[in-house]
Amino acid sequence: MEITFLGHAAFLLEGGGAKVLIDPFLTGNPKASVSADEVEADAILLTHGHGDHIGDTVAIAQRTGAPVAAVVELAAELSEDLGEGHTVHSYNLGGTVNFDWGWVKLVPAWHTSTTPKGTPSIAAGLVVNIDGTTVYHLGDTALFGDLELIGRRSGPIDVAIMPIGGWYTMDRHDAVFAAELVGARQVIPCHYDTMPAIATDAEAFKADVERATTSQVVILQPGASHTP
Ligand code: NI
Ligand code: MN
C-alpha cells in the first residue's frame with residue numbers, strides 16, 4: 001500500500017489494485033500537488049463537508065465515475081449534484097462500507113460540518129482498510145478521549161493521519177496526546193502550513209511524538225509518497 005500526500009488533508013491511498021482518494025481539496029489549495037482534472041480515483045471518501053475537504057469531489061467523481069462515500073446529509077447533497085446514475089454511499093457514524101479493495105468505517109470526530117452550499121451534517125474520521133493495511137484519517141478534530149477507543153477497536157492501526165495545525169483543529173501539542181491515544185505504528189501529520197493561521201512546526205511535533213510514544217512520525221511534503 002502506498003500513501004501519497006496531496007496537500008492539506010487530501011491523500012491518495014493505493015493498494016489492492018485501487019486508488020482511494022480522501023478529501024480532495026485541490027482547486028484553490030495553495031499546497032495541492034496535483035490538479036483536480038488529472039488526479040485518478042476509484043473511490044472518493046470524505047471526512048466532512050467543509051470546503052477544504054469536499055473540495056473537487058463532484059468534478060473528480062463526474063470525470064472518473066468513482067463512487068463517493070460520505071455521511072448521510074453530505075451524501076444527499078452529493079447525490080443531487082452527481083445525478084441518479086452515480087453511486088454515492090450514504091452511511092453514518094459506526095457504519096462500514098465495503099468495496100472490492102477493502103472497507104471504510106466512519107468514526108466520530110469533534111468538529112463542525114456545513115457544506116459551502118449550506119447543508120449541515122457531522123464531521124467524522126475514517127478508518128480505511130486496503131489490502132490488509134489500516135489507515136485512520138482522523139479528519140478535522142479536536143483532541144478527545146475516544147480516540148483511544150477507536151484506536152483499540154480498529155487496531156492495530158498501521159498509519160494515523162492527523163491534523164496538527166491548530167485554530168480549526170487540534171494543534172501539534174494536543175496532537176501528541178492524540179498520537180498517544182490512537183497508538184498507531186506510524187503517524188502522518190496534515191492540515192498545517194496551508195495558510196498562515198495553521199502554520200506549525202511539524203519537525204517539533206515529530207520529536208515530541210517520538211519522545212512520548214512508540215509511534216514513528218513520517219512527515220510528507222505535498223506530492224510525496226510513503227509505504228507503511
Ligand atoms: Ni473542517
Ligand atoms: Mn479543514
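Trainee: Let's begin with charged pairs: how many salt bridges does a search of the whole structure find?

Mentor: This is a predicted model, and a search of the whole of it finds six salt bridges. One of them joins K19 and E14, whose closest N and O atoms are 2.9 Å apart.

Trainee: Is K19 buried, partly exposed or exposed?

Mentor: K19 counts as partly exposed, at 22% relative accessibility, and E14 is partly exposed as well, with a relative accessible area of 23%.

Trainee: And what does D81 form a salt bridge with?

Mentor: D81 pairs with K117, and the closest N and O atoms of that bridge are 2.6 Å apart. D81 belongs to helix 3, while K117 sits in the loop between strand 8 (102-108) and strand 9 (124-130), so the pair ties together parts that are 36 residues apart in sequence. K117 counts as exposed at 58% relative accessibility, whereas D81, at 26%, counts as partly exposed.

Trainee: Which residue does R185 form a salt bridge with?

Mentor: The partner of R185 is D158, with 3.2 Å between the closest N and O atoms. R185 is in the loop between helix 5 and strand 12 (186-190) and D158 in the loop between helix 4 and strand 11, so this bridge ties together parts that are 27 residues apart in sequence. There is also a network, in which salt bridges that share partners join R172, D208 and R211.

Trainee: Changing topic, which residues are the protein donors of the manganese ion?

Mentor: The manganese ion (ligand 2) has D52, H53, D140 and H191 as its protein donors, at 2.1 to 2.2 Å from it. D140 also bridges this manganese ion and the nickel ion (ligand 1), and the two ions lie 3.2 Å apart. D52 lies in helix 1 (residues 51-54) and D140 in the loop between strand 10 (133-137) and helix 4 (146-154), so the two tie together parts that are 88 residues apart in sequence.

Trainee: Are D52 and D140 buried or exposed?

Mentor: Both D52 and D140 are buried.

Trainee: What about the nonpolar parts, and which residues have the most contacts inside the largest core?

Mentor: The largest nonpolar core has 52 residues, and those with the most contacts inside it are L13, I44, L45, W101 and V128. A second, separate core has 24 residues, including A160 and V187.

Trainee: Which residues make the nonpolar surface patch?

Mentor: W167, Y168 and M195 make that patch, which covers about 380 Å². W167 itself is exposed, with a relative accessible area of 70%, and lies in the loop between strand 11 (159-163) and helix 5 (172-182).

Definitions and conventions: Residues are numbered from 1 along each chain as its sequence is written. Chains are lettered from A and ligands numbered from 1 in the order in which they are written. This is a predicted model: local features need pLDDT of at least 70, side-chain atom pairs count only at pLDDT 80 or more; totals for chains, interfaces and linings use all residues. Side-chain values use heavy atoms; hydrogens and water are left out. Donors are N, O and S atoms within 2.8 Å of the metal (3.2 Å for Na, K and Ca); water is not among the atoms, so sites may look incomplete. Helices (H or I, at least four residues) and strands (E, at least two) are DSSP runs, numbered from the N terminus. Buried means under 20% relative accessible area, exposed over 50%, partly exposed in between (1.4 Å probe, protein chains only). Patches are made of residues with over 30% relative accessible area and no salt bridge: like charges are joined within 9 Å, nonpolar side chains (Val, Leu, Ile, Met, Phe, Trp, Tyr) within 5 Å. Accessible areas come from the Shrake-Rupley method with a 1.4 Å probe; for residues, only the protein chains shown count as cover. A salt bridge is a side-chain nitrogen of Lys or Arg within 4 Å of a carboxyl oxygen of Asp or Glu. A nonpolar core is a set of buried Ala, Val, Leu, Ile, Met, Phe, Trp, Tyr and Cys residues joined through side-chain atoms within 4.5 Å.
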